[in-house]
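Student: I should like to work through this structure by question and answer. Could we begin with the terms and then proceed to individual residues?

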Amino acid sequence: MSPWALVLVMTAAVSHATWNLLSKRAAQADGVVFLWLVAVAAAVAWSPLFAGFLLVTGTPVTLKDLAVAGGSATLHLGYFVLLQRGYGRGDLSLVYPVARGTGPLLACLVAVLFLGERPSAANIAGIVLIGAGVFLMSGGHAELRGLVPGLVVGVFIAAYTVWDSRVVSAFAVAPIMLNYLGEVGRALALTPFVLGARRALIRPVWREHRYRVLGAAVLIFLSYLLILFAFTMAPVSVVAPAREVSVLIAVLLGGRLLAEGDVRRRLMAAAVILGGVVAIALS
């Protein structure tokens, strides 16, 4: 992995862990309304950047762009809805590690089996270390209530990771276009559910969680935009596992700010995860 790709991945990891902390703190609110507010806020906040991109580059939005972005938005919508529900049932330090550990392992398996990528021995060692570390972080024998949502979310992570990496590489869709159209797509998809039976919840959720909504709207877009750019610099079998250093950051945030966790066990798991990241970065 090049130094620039590594910088993008590490910055994305910090942003990703932070927005998950914000989502966990809003877990008792209606998840669909919260996610809709985040998507709408992101579409508004990032619209000047997207408009500037279109004007400066002269890039048109084609039917192909809308089609592949629609596929991405569908996968991300399932991911966000299940993740928010998972945070309503389990700790950040349980759901997040299991989800993020399952996702890259499945993504790398798909990349190797179906996309023709061939990871090196160091890649494989790093993947194994990260997988072992994130499951150790969750306690290994975690409660079923938190473990199952994390595993299901991991499947969606693997799916959108592989799909989006192909969209920005094989289909040559600009990362900012894929990311922004995905935000708009999720907002549109959730609108009928929110403006119907949940209309009365919009103001209460916004009033109580507006700073979390705005923070998540900025950080979700930023963290994934950086990862999409990293996909153009390095294989998915390298980027997907390396970004999981966010597990360490999220668990530390959960332990410090949400009073979750066994510090000694998590420090041991952190050392395993970092070993995996170093192995991948140096390959």
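Tutor: Helices here are DSSP runs of type H or I with at least four residues, numbered from the N terminus. Please bear in mind that this is a predicted model.

Student: In which helix is Asn179 placed, and is Asn179 buried or exposed?

Tutor: Asn179 belongs to helix α8. Buried means under 20% relative accessible area. Asn179 has 7% relative accessibility, so the residue counts as buried.

Student: Which residues is Asn179 in contact with, leaving aside its neighbours within four places in sequence?

Tutor: Contact requires heavy atoms within 4.5 Å. With the neighbours within four places in sequence left aside, the partners of Asn179 are Phe221, Tyr224, Leu225 and Leu228.

Student: What span should helix α8 have at 1.5 Å a residue?

Tutor: Helix α8 covers residues 175-195, which is 21 residues. The expected span is 1.5 Å times one less than the number of residues.

Student: Where does α8 bend, and by how much?

Tutor: A proline, Pro192, follows the bend within four residues. The bend itself is at Ala189, and its angle is about 30°.

Student: Are Arg186 and Glu183 buried or exposed?

Tutor: The cut-off for buried is under 20% relative accessible area. Arg186 has a relative accessible area of 9% and is therefore buried. Glu183, at 2% relative accessibility, also counts as buried.

Student: How many salt bridges are there, and which residue meets Arg198 in one?

Tutor: The count comes to two salt bridges. One of them links distant parts of the chain, 168 residues apart: the loop between α8 and α9 holds Arg198, and the loop between α1 and α2 holds its partner. The side chains meet at 3.1 Å, N to O, and the partner of Arg198 is Asp30.

Student: How many of the 15 residues of α2 are buried, and which elements do they pack against?

Tutor: Helix α2 is mostly covered, with eleven of its 15 residues buried. Among them are Phe34, Trp36 and Leu37. The elements against which the buried residues of α2 pack are α1, α3, α4, α8 and α9.

Student: Which residues form the nonpolar patch on the surface, and which helix gives its largest share?

Tutor: The patch consists of Leu106, Leu109, Leu113, Phe114 and Val155, with about 510 Å² of accessible area together. Leu109, for example, is partly exposed, with a relative accessible area of 46%. Four residues make up the largest share, and they come from helix α5.

Student: How far apart are the C-alpha atoms of Leu252 and Leu75?

Tutor: Leu252 lies in helix α11. Leu252 and Leu75 are 177 residues apart along the chain, and the separation of their C-alpha atoms is 28 Å.

Technical notes:
Residues are numbered from 1 along each chain as its sequence is written. This is a predicted model: local features need pLDDT of at least 70, side-chain atom pairs count only at pLDDT 80 or more; totals for chains, interfaces and linings use all residues. Side-chain values use heavy atoms; hydrogens and water are left out. Helices (H or I, at least four residues) and strands (E, at least two) are DSSP runs, numbered from the N terminus. The bend at a residue is the angle between axes fitted to the seven residues ending there and the seven starting there. Patches are made of residues with over 30% relative accessible area and no salt bridge: like charges are joined within 9 Å, nonpolar side chains (Val, Leu, Ile, Met, Phe, Trp, Tyr) within 5 Å. Accessible areas come from the Shrake-Rupley method with a 1.4 Å probe; for residues, only the protein chains shown count as cover. A salt bridge is a side-chain nitrogen of Lys or Arg within 4 Å of a carboxyl oxygen of Asp or Glu. Buried means under 20% relative accessible area, exposed over 50%, partly exposed in between (1.4 Å probe, protein chains only).
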